[in-house]
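Student: I have just opened this model and would like to understand the words used to describe it. Could we go through them together?

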Amino acid sequence: MNVAAGLAAGFAAAFLQSCSYVASSRYVRESGRAAWTLLPPSFFLMGLAALPLLAAVRPADPAALAWRPALEASALSTLFCLAANAAMFFLLKHADSSRASPLLAVKVPMLAAFYSFGPGRPCSAAQWSGVALVVAAAALLAGAGRRLSRAAWGWLLATCAGYCIADWYIVRTFDAVAPAFPDVLPRSLFSLALIYAVTGVASAALMPFAPRFRAADWRRHALPYAALWFSAMVVLYACFATCGLVLGNIVQSTRGLISVGLGWLVARAGRTDLEERVGAAVLARRVFAALLLVAAVALYAAG
């Protein structure tokens, strides 16, 4: 898989993630159920999808794999990923997906603070410039449309914090399985499959405590969200393996711009229950803010 194919995979991941936010927003606003209740059935389906992938990319020498550290890191990544997705669903109750998706770049200042005050690796001037751009773009995006509530900001911060910690344990999973996989692509896909297999087990354990899904709910809500999100993760990990984490994250950040465009199309299609209809000036501000966020992520990664 060459770099061009990796970039194409990254853009595909950004598009599929943007579509998954629309799907989860539809569930939150149509079902009348608590936001977290989509998680157990949809992630259970993802766990089932992970099993054949896990078998396809299994290591030639299973004894070379550090199973205990890998499973521990996978379980912790699962915990924080589920928490972040639950917070994202609550965020989508207060903000349209076309605004929520770009604002996930707020994760950049969180990462900057973590690396500066945690492992003791201070950010460079270029990285702090990227952080400043994120803050400016977030302020611009927040004012482009209805005012975001305090609850929306709270759920946004919780979502980004959850994804930051989940990403940390994803890297720990990569490290744990590395001795069994000399090549990066099978290592990435095996890590993905292992994490989502563990997530599927955790989701199955949660399902008895969630509202019962009818067959129509599985078809209308759980299956589309699961298919979009898991497909996005497969091509995203392929992008990371081919292009590296830096370039992969820059490409992934275009999901904000894609979400702005999808939001405009959804509103024009008459689904104003999912996306507010906005004028040209507000749309232009959102596009400019999303472009600023892509530039901010690129600047942070380059630094």
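Tutor: Gladly! Let us begin with a pair of helices: α7 passes α8 in a right-handed crossing, a term used when the near helix is turned clockwise from the far one by less than a right angle. This is a predicted model, where local features need pLDDT of at least 70 and side-chain atom pairs count only at pLDDT 80 or more, while totals for chains, interfaces and linings use all residues. Residues are numbered from 1 along each chain as its sequence is written, and side-chain values use heavy atoms, leaving out hydrogens and water.

Student: Why are α7 and α8 called oblique to each other?

Tutor: The axes of α7 (residues 150–177) and α8 (residues 184–206) cross at roughly 120° and come within 9 Å. Angles under 35 degrees count as roughly parallel, over 145 as roughly antiparallel, 65 to 115 as roughly perpendicular and the rest as oblique, so α7 and α8 are oblique.

Student: Which residues of α7 meet α8?

Tutor: Ile170, Thr173, Phe174 and Val177 do, and their partners in α8 include Phe190 and Leu194.

Student: What makes Ser42 count as buried?

Tutor: Buried means under 20% relative accessible area (1.4 Å probe, protein chains only). Ser42 has 0% relative accessibility, so Ser42 counts as buried. Ser42 lies in helix α2 (residues 39–56). Beyond its neighbours within four places in sequence, Ser42 is in contact (heavy atoms within 4.5 Å) with Ala222, Tyr225 and Ala226.

Note on methods: Helix = DSSP H or I, 4+ residues; strand = E, 2+ residues; numbered from the N terminus. Buried < 20%, exposed > 50% of the residue type's maximum accessible area, 1.4 Å probe, protein only. Axes fitted to C-alpha atoms, helices over the stretch in contact; angles between N-to-C directions.
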